[in-house]
Amino acid sequence: MHLDLRRLDLNLLLVFNALYHQRSVTAAAHELALSPSALSHALARLRQALGDELFVRLDNQMQPTLRAEQIASTVSTALAQLSAGLSLNQRFDPASSKRNFVISASDYTAFAILPRLISRLQQVSPQITLRIINTSQKLALDELAAGHIDFALGYDEERTPLPAGMEEFDWLQDDYVAIACQHHPQIKRKLTLKTYLQARHVVVTPWNESRGVIDYVLDGMSLQRQVAVQLPNVLVAPFIIASSELIMTLPRHAATTLAQAAGIAIYPAPFAIPPYTLKVYSHSKYARSDAHLWLRRLMMEVAEDASA
């Protein structure tokens, strides 16, 4: 047994884990139902026990030191395994549970389906909470492996092989459509391929990709579109479309939702595009609990309702 572990109050690891993810004493204290003062005192004890500052204030955030970065994954994994082990004999009751689920998603992947999921949760599990986070990776595999998140939403059009322990299931399949402003001067009754290629386009690239999936489809047809605007998220897109002659191609569920917020028209895509498949990723180390299995079933029910 490591000497540090003998003299360490293991409750302090909860403080470390919360502060590492929140980067704020106030937010970490709120997560642990402590006062900021109590959390600060706990951090002082943790620093003394491990002989390192662990977190330093930079740019109004508590940034981890090198030592903190080195132990963060181990601490998070150990806490997740302890929690899972201690919960094995505890029956999960969704009606009364106060479980917090953490899901990573871009607004592009979450836009069409998360409102339905949250609405269903409010009906059947009013005390369960969701925390939706953005990640710097297209697929948040590192966060899943470390136990920082429960599920990750994403899509992988390249069909990259998953690392050992990672699991996936298809959540929602959708077709692509094009959106344009109402009464677009170049679009009559339908959007033709000629008009599509002559127009300029808006593309959402959440991870700063140089091109979108539609561009690769057009490559296979020896065609090319003109991209006028690249956005990191989808929120402003319908308003840009509604006030311009630009066109955007996106999944139908998202387009239908966006149409309620801005004056846009929806058209069938004028060429064949493989269906958009939203996937849910998890890690086998953490996805066998009753709580995980229950949420997975609920997600599938929501997806079936959305596809009906």
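**Ground rules**

I am working with a predicted model, in which local features need pLDDT of at least 70 and side-chain atom pairs count only at pLDDT 80 or more, while totals for chains, interfaces and linings use all residues. Residues are numbered from 1 along each chain as its sequence is written, and side-chain values use heavy atoms, with hydrogens and water left out.

**Entry 1: a sheet**

I looked up an open sheet and found that 5 strands form it, in the order S9-S8-S10-S7-S11, with mixed pairing. I noted that helices (H or I, at least four residues) and strands (E, at least two) are DSSP runs numbered from the N terminus, and that two strands pair if DSSP finds at least two bridges between them. Strand S9 (226-231) and strand S11 (264-268) stand at the edges and have a single partner strand each, so one side of each is left without a neighbour in the sheet. From one strand to the next, the twist averages 35°; for such angles, axes are lines fitted to C-alpha atoms, for helices over the stretch in contact, and the values run from 0 to 180 degrees between N-to-C directions.

I then followed strand S7 (residues 176-181), which pairs with S11 in the antiparallel sense over 5 bridges, and I saw that Ala178 stands opposite Tyr267 in S11. Helix H12 (residues 252-259) lies across S7, S11 and strand S10 (247-251), and it runs at about 120° to S10.

**Entry 2: aromatic rings**

How many aromatic pairs does a search of the whole structure find? I recorded 5 of them, where rings of Phe, Tyr and Trp (its six-membered ring) pair if their centres lie within 6.5 Å, and where planes under 30 degrees apart count as stacked, over 60 as edge-to-face and the rest as tilted.

I next took Phe92 and Trp294, whose planes are at 55° and whose ring centres are 5.5 Å apart, so the pair is tilted. Phe92 lies in the loop between helix H5 (66-86) and strand S3 (100-104), whereas Trp294 is in helix H13 (residues 290-307), so the pair ties together parts that are 202 residues apart in sequence. Both Phe92 and Trp294 are buried.

I also wrote down that Phe16, Tyr20 and Phe55 form one aromatic cluster. Arg23 lies over the face of Tyr20, at 4.7 Å from the ring centre; a charge sits over a ring if NZ of Lys or CZ of Arg is within 6 Å of the ring centre and within 35 degrees of the ring normal. The charged end of Arg211 sits over the ring of Tyr216, 5.0 Å from its centre.

**Entry 3: salt bridges**

I found 9 salt bridges in the structure, each being a side-chain nitrogen of Lys or Arg within 4 Å of a carboxyl oxygen of Asp or Glu.

In one of them, the side chains of Asp150 and Arg99 meet at 3.4 Å, N to O. This pair links distant parts of the chain, 51 residues apart, with Asp150 in the loop between helix H8 (141-146) and strand S5 (151-154) and Arg99 in the loop between H5 and S3. Asp150 is buried at a relative accessible area of 12%, whereas Arg99 is partly exposed at 25%.

Glu168 forms a salt bridge with Lys279, and their closest N and O atoms are 3.1 Å apart. Glu168 is in strand S6 (residues 166-174) and Lys279 in strand S12 (residues 276-283), 111 residues apart. Is Lys279 buried or exposed? Lys279 counts as buried at 3% relative accessibility, while Glu168 counts as partly exposed at 35%.

**Entry 4: Ser104**

Last, I looked up Ser104, which lies in strand S3 and is buried, with a relative accessible area of 3%. Leaving aside its neighbours within four places in sequence, I listed its contacts (heavy atoms within 4.5 Å), among them Ile133, Thr135 and Phe151.

Technical notes
Buried means under 20% relative accessible area, exposed over 50%, partly exposed in between (1.4 Å probe, protein chains only).
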